[in-house]
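Good morning, and thank you for coming.

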Amino acid sequence: MTMKKVTRKIIEIDEDLCNGCGECILSCAEGALQLVDGKAKLVADVYCDGLGACLGECPTGALKIIEREADEFDEEAVEKRLEEVGETEQPKEAPVAAGCPSARLQSFGGPTPCQQANIPVTHESQNSALGQWPIQINLIPPTAPFLKGADLLIAADCTAFACGAFHHNLLAGKVLMIGCPKFDDTQEYLEKFTQIFKTADIRSITTVFMEVPCCNGLPMIVKRAMEAAGKTIPTEHVVIGVRGDILRREKLVA
């Protein structure tokens, strides 16, 4: 059968930089990578979804996402490959990389909003409101089960460090995705959020960002992703000051 060629995003491996550690292989949920003669290799174009979950695991920077002509990503081919390599025990709705703590999807079953409200707040310790792992935008696949019907908190990563009340006032009861709109690839963010908004039936979005200009791109990315997905989702913008205070909260009319 002749595969259809399209121009799309796909992984590229610099063999000179690759040290054969195999971390990228563990983080690739589709089984698209394998070690050959001590170097990571792309098995076939059809197995690579181009989302780049493997990028953050490479200690040498040997991996990058490029655009080139390639065979279309084929989910059925991925399923067959995973069967061949013995990974069919993973849930089909959320395949994850075995043995890679940073990329393994986890739901913690945290307290309900009512329980959270009744947890005493002390100066000595603060209970975490985090309900899932991972939290980095680039590491969360659109098929993650905790995204289904979620109240989504999309936060610039500085906000959690600046705002002391981040867990108690902003995170409780929400699924968290964090990233940096200044240093990360905003086009990848746009594509990731578009896929999520198309498929995950997100219930609401809270976008949290710092008052500094470089953070203002985050709500714009979210807005453009909703437009690309053809979705209108109730949204709130929360602006955090550099001293950690919540400067303003603005609910947008759906």
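In which helix do Phe193 and Phe197 lie? Both lie in helix H6, residues 186-199, four residues apart, which is about one turn of the helix. Helices here are DSSP runs of H or I with at least four residues, strands are runs of E with at least two, and both are numbered from the N terminus.

Before I continue, a word on the source. The model is predicted, so local features need pLDDT of at least 70 and side-chain atom pairs count only at pLDDT 80 or more, while totals for chains, interfaces and linings use all residues. Residues are numbered from 1 along each chain as its sequence is written, and side-chain values use heavy atoms, with hydrogens and water left out.

Let me return to the aromatic rings. A pair of aromatic rings is described by the distance of the centres and the angle of the planes. Rings of Phe, Tyr and Trp (its six-membered ring) pair if their centres lie within 6.5 Å; planes under 30 degrees apart count as stacked, over 60 as edge-to-face and the rest as tilted. A search of the whole structure finds two such pairs. The rings of Phe193 and Phe197 have centres 6.0 Å apart and planes at 10°, so this pair is stacked. Together with Tyr189, Phe193 and Phe197 form one aromatic cluster. Phe193 and Phe197 are both buried, a word that stands for under 20% relative accessible area, with exposed over 50% and partly exposed in between (1.4 Å probe, protein chains only).

I turn next to the backbone. The peptide bond from Trp133 to Pro134 is cis, with omega near 0°, and Pro134 is found in the loop between strand E6 (132-133) and strand E7 (151-156). Asp37, in the loop between strand E2 (33-36) and strand E3 (39-42), has a phi near 55°, a positive value in a residue other than glycine. Phi of Asp201 is likewise near 55°, and Asp201 is found in the loop between H6 and strand E9 (204-210). Are these two residues buried or exposed? Asp37 counts as exposed because its relative accessibility is 79%, and Asp201 counts as exposed at 60%.

Glu67 belongs to strand E4, residues 63-71, and is exposed at 54% relative accessibility. Leaving aside neighbours within four places in sequence, Glu67 is in contact (heavy atoms within 4.5 Å) with Thr7, Arg8 and Lys9. Glu67 and Ile11 are 56 residues apart in sequence and 8.6 Å apart in space, C-alpha to C-alpha.

Finally, the protein as a whole. The protein has seven helices and eleven strands. Buried residues make up 42% of its 254 residues. Of the contacts with a separation of 6 or more, 72% come from residues 24 or more positions apart. Thank you for your attention.
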